[in-house]
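Here's a quick tour for anyone meeting this structure for the first time. Have a look at the model, then read on.

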Amino acid sequence: MSDKINSGKTQAELSFTEMMADVSPIKQGKTVVRTNGPIRKDKQRAYHRSMAEADIDQVIDGLSSEIVAIVESDEELIFAAPGIQVSMMKRLRKGHIPWEAGIDLHGMTVDTARDELSLFIRDAQRQGMRSVMVIHGKAFSQSGQQPVLKSYVNDWLRQLSQVLAFCSAQPKDGGSGALYILIKQNKQ
């Protein structure tokens, strides 16, 4: 190659073919190139398929049953999406916005409660309801038990686009074991 550079051409002027003229291909060793069928063995494929299916958490409306931050039994919950006025939140907290429907999630599994809550909120919006109530309970029935369902409901409602705001209910409606929820209105 050095004699080609010395023959008057600069390295930039040489073509790729001229530069590779004295290069010889590497001989293949014991590499086996497989051209037929899949590379993975059937057992591997079955294992990966079963793991993929097992890994799927049931997610409804983007709500998962993954562990959430646990709230206390007596903790009052409150949430307002951006743009919700303070006066509206005060009315909601005092129970001055009448709720039109309610759902009781007591005794449901986390997955069932998630499905039912999601369906309930979507139906409420579809029917043009302004405010609804959800009873999640406080987990007082079993001493030392954490309010798991309350914690999940707190997390799920914050993720649902149909929910504008929510807060713990008045004592007459269940107190910190229930929520008043303000639903986003459909635009006609």
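Ile103 is in contact (heavy atoms within 4.5 Å) with Glu116, Phe120, Met133, Val134 and Ile135, leaving aside its neighbours within four places in sequence. You'll find Ile103 in strand β2, residues 102–104. Helices (H or I, at least four residues) and strands (E, at least two) are DSSP runs, numbered from the N terminus. Keep in mind that this is a predicted model: local features need pLDDT of at least 70, side-chain atom pairs count only at pLDDT 80 or more, and totals for chains, interfaces and linings use all residues. Residues are numbered from 1 along each chain as its sequence is written, and side-chain values use heavy atoms, with hydrogens and water left out.

**More on Ile103**
- Ile103 counts as buried, because its relative accessibility is 13% and buried means under 20% relative accessible area, with exposed being over 50% and partly exposed in between (1.4 Å probe, protein chains only).

**The overall layout**
- There are 6 helices and 5 strands in the chain.
- Going along the sequence, they come in the order α-α-α-β-α-β-α-β-α-β-β.
- Out of 188 residues, 30% count as buried.
- Take the contacts between residues at least 6 apart in sequence: 69% of them join residues at least 24 apart.
- The chain's accessible surface is about 12,700 Å², and 53% of that belongs to carbon and sulfur atoms; areas come from the Shrake-Rupley method with a 1.4 Å probe, and for residues only the protein chains shown count as cover.

**Helix α6**
- Helix α6 runs over residues 148–159, so it has 12 residues, and its first and last C-alpha atoms are 17 Å apart, close to the 16 Å expected at 1.5 Å a residue (the expected span is 1.5 Å times one less than the number of residues).
- Buried residues in α6 include Leu149, Tyr152, Val153, Trp156 and Leu157.
- What do the buried residues of α6 pack against? Their partners are α5 (110–126), β3 (131–135), β4 (163–168) and β5 (178–183).
- Asn154 is also part of α6, and it is buried at 9% relative accessible area.
- Setting aside residues up to four places away in sequence, Asn154 touches Val71, Leu77 and Phe166.

**The nonpolar cores**
- A nonpolar core here is a set of buried Ala, Val, Leu, Ile, Met, Phe, Trp, Tyr and Cys residues joined through side-chain atoms within 4.5 Å.
- The largest nonpolar core has 27 residues, and those with the most contacts inside it are Ile121, Val132, Val134, Val153, Leu157, Phe166 and Ile181.
- At least two residues of this core come from each of α5, β3, α6, β4 and β5.
- Leu157 touches Leu117, Ile121, Val163, Phe166, Leu179 and Ile181, again not counting residues up to four places away in sequence.
- A second, separate core has 11 residues, among them Met89, Leu164, Cys167 and Ala178.
- As a bit of background, nonpolar side chains tend to be buried together in soluble globular proteins.

**Salt bridges**
- How many salt bridges does a search of the whole structure find? The count is 4, taking a salt bridge as a side-chain nitrogen of Lys or Arg within 4 Å of a carboxyl oxygen of Asp or Glu.
- Glu76 and Arg93 form one of them, at 3.5 Å from N to O.
- Glu76 is in the loop between α3 and β1 (78–80) while Arg93 is in helix α4 (residues 86–93), so this pair ties together parts 17 residues apart in sequence.
- Glu76 counts as exposed at 51% relative accessibility, and Arg93 as partly exposed at 40%.
- Arg114 pairs up with Asp111, their closest N and O atoms being 3.2 Å apart; both lie in helix α5, 3 residues apart, or about one turn of the helix.
- Arg114 is buried, with a relative accessible area of 0%, whereas Asp111 counts as partly exposed at 32%.
- Arg126 and Asp123 also meet in a salt bridge, at 2.7 Å from N to O.
- Arg126 and Asp123 are 3 residues apart in helix α5, so about one helical turn separates them.
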